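Dear colleague,

I am handing over the structure that we spoke about, and my notes on it follow below. Please read them with the coordinates open beside you.

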Amino acid sequence: MLEDLFSVVKVRFNGDKTEDDKKKTDIPKGLLFKCPRCRSVTFMEEFTKAGKVCPECNYHSRLPAKERLEITVDKGSFEEFDAQMISKNPIDFPGYNKKQLEMREKTGLKDAVLTGRAKIRGEDCIIIVMDSNFMMASMGSVVGEKITRAIEFATENRLPVVAFTASGGARMQEGIVALMQMAKTSGAVAKHNEAGLLYITVMTDPTTGGVTASFASLGDIIIAEPKVLIGFAGRRVIEGTIKQKLPDDFQSAEFMLENGFLDMIVERKSMRRVLSNLLKLHRLSGKEAAANE
Amino acid sequence: MNELTACQRLDLIRHKERPTVRDYIPLLFDHFYELHGDRLFGDDGAILGGIGYFKGIPVTVIAEVKGRNLEENKACNFAMPHPEGYRKALRLARQAEKFHRPVICFIDTPGAFCGIDAEQHGQGEAIAKNIMEFMMIKTPIISIILGEGGSGGALALGVCDELAMLENSIYSVISPRGFASILWKDPSREREACDIMKITAEDLVRLKVCDHIIAEAEGGAHNDAQLTAENISEYISQALERKLQKGLDELLNQRYNKFRTVGEFSEG
């Protein structure tokens, strides 16, 4: 199932390059943004000013977890959980320790997710933010454990959870242990759900594989950013199976909405407001709200 | 002690004479009735469900089905379920809960099906929902891997109170072929992948994912399906005895903790 989880992302971003395209990307890095969805080119400054959204097609590009937190939660409200947690090498996969060291150095992150408690326009919640810069936010022991602990904390303290998902899927280098994180995180969601608490997932680019097939798809309310990639199997695998090319919008947020797997698509600039409104709507039970009237 | 390498076991579980769940059902269960459909969209031939008696105990059986020939494989899509299959499984697990029947799952799939319709019908959502709901189903669940336990497609029937594996079966985060394709961009290095992925029953006992190894007939299950079925039957008897005597709270807590404790990390 998870075949080519990484290539699903890579193909969309590099795979269809023509010789012409390759020449174009020789422009110094950081000066221009080339949209992976519509392939239009924008000055980086303009793209950044637009909140890292393609001004041509409205593709909402990836954000580092720290930037996501900055634009989402109230200033100074984020208290991080388990900031020091790092993964071991459960199946003694050759090169995995070294790979992790390099990624930590490069990204300043310990692994692919930040979790903690925060407020969104005053609404108290547990927040989970994945970061695709760290091994394509694949889920191994640390991602699984941090997310599970955050949701368990929410259940114990009767708090809602907001999870920004992004992932290439299960982390291959941790083998079966990575697969089990799907059960672990989903188990925590099951208990949070049983306690009658709100869980909102926001699917961001790219949400695929084992993360789509576990906690990302289990929200009471599932939101996505426009034009992001959401799917289960890798595009190349599906194309290999059906022996034909898939349309460009296959596995997009819009495709998922049309097929009934999303509640809404929300633009980045409105996300904070929408989330806080949804949190507030669920904080007030019918009885209390009527009493306040 | 099984001395075969992961790669040699892969050959055994792909042996064309390897018994499938359809061979085992008549040897394990009495008065078995197959039940069809997810009540939402369709009936997936890759997942078989039904009810019957196991040594006099009413049980629900949910299984991934491999074909024994091309015709059967067409009907069961080479044991690669669509979302409809997982939703049928969930419907039958809930029915088992309602009637207080234990659930016996048989896992044997290279993985969930990858295709346009599978994506349109929410393959990810279907698997996620099964994983979450099986965690809370209030009746014992025993899962047994017969051959290939491929990825989320296997885990969708693998959230259970006890997981057992036939001695030559494998359980992996992705098929060895997919693994080679992702990490080395070369699916033909499948055999090499096999031997570093830690996917044998012994590996999985060490990694605390598998609870029990069921012996196969000498040289592999295909050499004596009857004997292998007897070993499976013996295991199910013991597992049910262990699980049926537990209170539901204890059962569900232990199920949660079985998965809760998997993961290797340090905290600086």
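Strand β5(A) is mostly covered, since six of its eight residues are buried, where buried is taken as 20 or more other C-beta atoms within 10 Å of a residue's own, exposed as 12 or fewer, and partly exposed as anything in between, with C-beta atoms placed from the backbone. Helices (H or I, at least four residues) and strands (E, at least two) are DSSP runs, numbered from the N terminus. Please bear in mind that this is a predicted model, in which local features need pLDDT of at least 70 and side-chain atom pairs count only at pLDDT 80 or more, while totals for chains, interfaces and linings use all residues. Residues are numbered from 1 along each chain as its sequence is written, and chains are lettered from A and ligands numbered from 1 in the order in which they are written.

On one side, three bridges join β5 (residues 113-120) of chain A to β3(A), and the two run antiparallel; two strands are said to pair if DSSP finds at least two bridges between them. Within this pairing A:E80 stands opposite A:G116, and A:R117 is the bridge partner of A:E79. β5(A) also pairs with β6(A), in the antiparallel sense and over eight bridges, and here A:G116 has A:I127 as its bridge partner. The hairpin of β5(A) and β6(A) has two residues between the strands, and A:R121 takes a positive phi near 45° in it.

These strands belong to an open sheet of seven strands in chain A, in the order β3-β5-β6-β7-β8-β9-β10, with mixed pairing. β3 (79-81) and β10 (264-265) of chain A stand at the edges with a single partner strand each, so one side of each is left without a neighbour in the sheet. Helix α6 (residues 141-156) of chain A packs on the sheet, touching β3, β5, β6 (123-130) and β7 (161-167) of chain A, and its direction makes about 25° with that of β5(A); contact here means C-beta atoms, placed from the backbone, within 7 Å, and axes are lines fitted to C-alpha atoms, for helices over the stretch in contact, with angles running from 0 to 180 degrees between N-to-C directions. Helix α11 (residues 268-283) of chain A lies across β5, β6, β7, β8 (199-207) and β9 (221-224) of chain A, running at about 130° to β6(A).

For chain A as a whole, there are twelve helices and ten strands, and 51% of the 293 residues count as buried. Among its contacts between residues at least 6 apart in sequence, 71% join residues at least 24 apart.

In chain B, the strand to look at is β5(B), where ten of ten residues are buried. Strand β4 (residues 103-109) of chain B pairs with β5(B) in the parallel sense over six bridges, one of which has B:I145 as the partner of B:I107. β5(B) is also joined to strand β6 (residues 162-166) of chain B by four bridges, the two running parallel, and it pairs with β7(B), again in the parallel sense, over three bridges. In β7(B), B:I170 stands opposite B:E148.

Helix α1 (residues 6-13) of chain B has B:A6, B:R9, B:L10, B:L12 and B:I13 buried. These residues cover an arc of only 160° around the axis, which puts them on the same side of α1(B), the arc being that of the directions from the helix axis to the C-beta atoms. They pack against β5 (141-150), β7 (170-172), α8 (176-184) and α9 (190-196) of chain B.

Turning to the interface, the contact takes 50 residues from chain B and 54 residues from chain A. α6(B) gives the most to the side of chain B that touches chain A, with seven residues. Strand β4 (residues 86-87) of chain A and β9(B) pair in the antiparallel sense over two bridges, with B:S266 as the bridge partner of A:I86.

Not counting residues up to four places away in sequence, B:I131 touches A:M182, A:A183, A:S186, A:S214, B:L155, B:A156 and B:V159.

With best wishes

Methods:
Contact = placed C-beta atoms within 7 Å.
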